[in-house]
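This briefing is meant for a reader who is meeting the structure for the first time. Please look through the sequence and the model before reading on.

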Amino acid sequence: MTDQAWILIAVAVVVVVVAVVGVIALTSGRRASRGPSTTLPPAEVSPYEVDQAPGAGASAPEAPASETEAPAVATPTLERPAPAAGRMQRLRARLARSGALGQTLLSILSRGELTESDWEEIEETLLLADVGVGPTTELMDKLRTETKVLGTTDPEHVRDVLRRELLQLVDPTMDRELHLEPVVGDDGEPHPVTMLVVGVNGTGKTTTVGKLARVLVAEGHHVVLGAADTFRAAAADQLSTWGSRVGVPVVRSDREGADPAAVAFDAVKEGRRTGADVVLVDTAGRLQNKAGLMDELGKIKRVMSREAPVREVLLVLDATTGQNGMRQAQVFAEAVDVTGIVLTKLDGTAKGGIVVAVQRELGVPVKFVGLGEGPDDLAPFVAEEFVDALLS
């Protein structure tokens, strides 16, 4: 082989070596610029990384629903309160089981020729039923006169007389409606109807507020509750539970012992802001012999009136307390202008006469009665149905 051939071979080898070295250097430079590469086993690849990786050859597996979707929040099912109409009919069966006032009177009046001892028994029955001395005397006089004029002991005639006289005492002409007409303020803006609920501890006041809210919701009203019983945290919690069951917001303070008037004011303000129809405010149970606490009720009413006039002040009384309830009613009436009475625990008691006594004493109608422990056992008071329940 000639020298020229060896020279050509050497040149070719050098070119090949240079080319290989160049390729190796270029590849190393590219790898260095990308940084270190980490490969995860297929089982460890995050579904998020797979979904986002560009140019992936295979379709990415779907991520589990618990990882890619927010857990569904269960919407609480709101209760649908029963219509308020017709609730008083339930009272008939309950009073019938309790030996009601009317039944006792009918049994005595149907004995025949009534002796003075019989009339004394009638009087005692009326007084024990908390009808009151004045109304009892009136009813006794009318019953004596009617039975003499009729000259009969026929049970149906006696019943008709008793029904008429009892109905007159209960007075069906009194205005027992809640005043829920729209209110327009001096500024020309609509105001919610504001209602204040007062009463002594133990009468079922907070429960009554919750039940009354259900009555209003059943009638299609937009209601806001105010938990102004700030001295008892359980009262605000209880009211919040009642409100949540029917979708009614509750304005309350997070601080125990906060100013009740401030909470009431905020409730009315919230009612105006949300366009509510009714703002219903619960208050602390007041002891009628605590003048300072009674003065506070007046303050709450005045402060609420700055946002909207207070249309209703409902006094909750326990029907089983009799004349004690009467004294409570008198003191409350002096502190705030009571517009209506709510009698709780009327079922299963023979003290239905408190309806007559409290109305006669205060000139204020009984507007609602509690018929039991159920959430819809609060009924608008209807005089005729009440008397019929007594006599059933």
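In which sense do β3 and β7 pair, and over how many bridges? In this predicted model, β3 and β7 pair in the parallel sense, and six bridges link them. Both strands belong to an open sheet of eight strands, whose order is β5-β4-β6-β3-β7-β8-β9-β10 and whose pairing is mixed.

**Edges of the sheet**
- The edge strands are β5, covering residues 250-251, and β10, covering residues 378-380, and each of them pairs on one side only.

**Helices on the sheet**
- Helix α9, made of residues 205-218, packs on the sheet and touches β3, β4, β6, β7, β8, β9 and β10, while its direction makes about 170° with that of β6.
- Helix α10, made of residues 233-246, also packs on the sheet, where it touches β4, β5 and β6, and its direction makes about 170° with that of β4.

**Strands β8 and β9**
- Strand β8, residues 340-344, runs parallel to strand β9, residues 366-370, and three bridges join them.
- Within this pairing, L343 stands opposite V369 in β9.

Conventions. Residues numbered from 1 in each chain as written. Predicted model: local features only at pLDDT ≥ 70, side-chain atom pairs only at ≥ 80, totals over all residues. Heavy atoms only, no water. Pairing = 2+ DSSP bridges. Helix = DSSP H or I, 4+ residues; strand = E, 2+ residues; numbered from the N terminus. Contact = heavy atoms within 4.5 Å. Axes fitted to C-alpha atoms, helices over the stretch in contact; angles between N-to-C directions.
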